[in-house]
Amino acid sequence: MSELYATQAETPEAAPRPDTSQTWGEERNKPDEGYLRLDRGSFPNHRAELLTQLTGKPAYTEDFPTGYDLQGRSPDRQLLDTFRAKLSDGCPVLVGTVSLEPGQEKLPKKLIEGHAYELTDVDDRGLIHLRSPHNARPPEALTVDEFRKYIKNRYTTLEQ
């Protein structure tokens, strides 16, 4: 996936580089291209586009539920049920951790701030398991409360 992301050289979302006119001359306002963009991170809509390009299937982003649904399920139950259904259907579920303000402590559970993760399982105890796309430093399983606290409130997945 990182290779595909790196090949999207110039998109409207590509941010201009910081002013480096003293060291890089005319390169200063050129958008990041290729692998340089990987350090910029991604947003749910970028991940949806990448999933579509990789699979040829429509992808979308969805906010975490915040209220009870018509069946009387709590927002947490809806979230776990949705994740279990998506994983059961073979659909990837991608999420991103929150970004920290300067001076804030690091995220717990081996999470990296501002980082994308793939959701791999919701176990029988309701713990949410994540995998880093770099396969490094796998985070510890999260409770729903921890997940809502440390993960941005939007996920990306495929339509079925």
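This is a predicted model: local features need pLDDT of at least 70, side-chain atom pairs count only at pLDDT 80 or more; totals for chains, interfaces and linings use all residues.
**Which strands pair?**

In what sense do strand β2 and β5 pair, and over how many bridges? Strand β2 (residues 93-96) and β5 pair in the antiparallel sense, over two bridges. Here, two strands count as paired if DSSP finds at least two bridges between them. Strands (E, at least two residues) and helices (H or I, at least four) are DSSP runs, numbered from the N terminus.

Residues are numbered from 1 along each chain as its sequence is written, and side-chain values use heavy atoms, with hydrogens and water left out.

**The sheet around β5**

Strand β5 (residues 154-158) also pairs with β1 (residues 59-63), again in the antiparallel sense, over five bridges. Ala-59, for instance, stands opposite Leu-158 in β5. Put together, you get an open sheet of five strands with antiparallel pairing, in the order β1-β5-β2-β3-β4. The edge strands are β1 and β4 (128-131), each of which pairs on one side only. From one strand to the next, the twist averages 35°. As background, strands of a sheet pair through backbone hydrogen bonds, either parallel or antiparallel.

Four of the five residues in β5 are buried, so this strand is mostly covered. Buried means under 20% relative accessible area, exposed means over 50%, and partly exposed is in between (1.4 Å probe, protein chains only).

**Helices across the sheet**

Helix α3 (residues 44-55) lies across β1, β2, β3 (116-122) and β5, running at about 10° to β5. Helix α4 (residues 75-88) lies across β1, β2, β3, β4 and β5, and runs at about 90° to β3. Contact means heavy atoms within 4.5 Å. Axes are lines fitted to C-alpha atoms, for helices over the stretch in contact, and angles run from 0 to 180 degrees between N-to-C directions.

**Rings that meet**

Aromatic rings of Phe, Tyr and Trp (its six-membered ring) pair if their centres lie within 6.5 Å; planes under 30 degrees apart count as stacked, over 60 as edge-to-face and the rest as tilted. The count comes to five aromatic pairs. Phe-64 and Phe-83 are edge-to-face, because their ring centres are 6.4 Å apart and their planes are at 80°. Phe-64 sits in the loop between β1 and α4 and Phe-83 in helix α4, 19 residues apart. Both of them are buried.

Phe-64 also forms a stacked pair with Tyr-155, at 6.3 Å centre to centre and 25° between the planes. Tyr-155 is in strand β5, so this pair ties together parts that are 91 residues apart in sequence. Ring pairs link Phe-64, Phe-83, Phe-147 and Tyr-155 into a cluster.

**Charged pairs**

A salt bridge is a side-chain nitrogen of Lys or Arg within 4 Å of a carboxyl oxygen of Asp or Glu, and the count is eight. In one of them, Glu-118 and Arg-131 meet at 3.1 Å, N to O. Glu-118 lies in strand β3 and Arg-131 in strand β4, 13 residues apart. Salt bridges that share partners also join Asp-69, Arg-73, Arg-77 and Asp-81 into one network.
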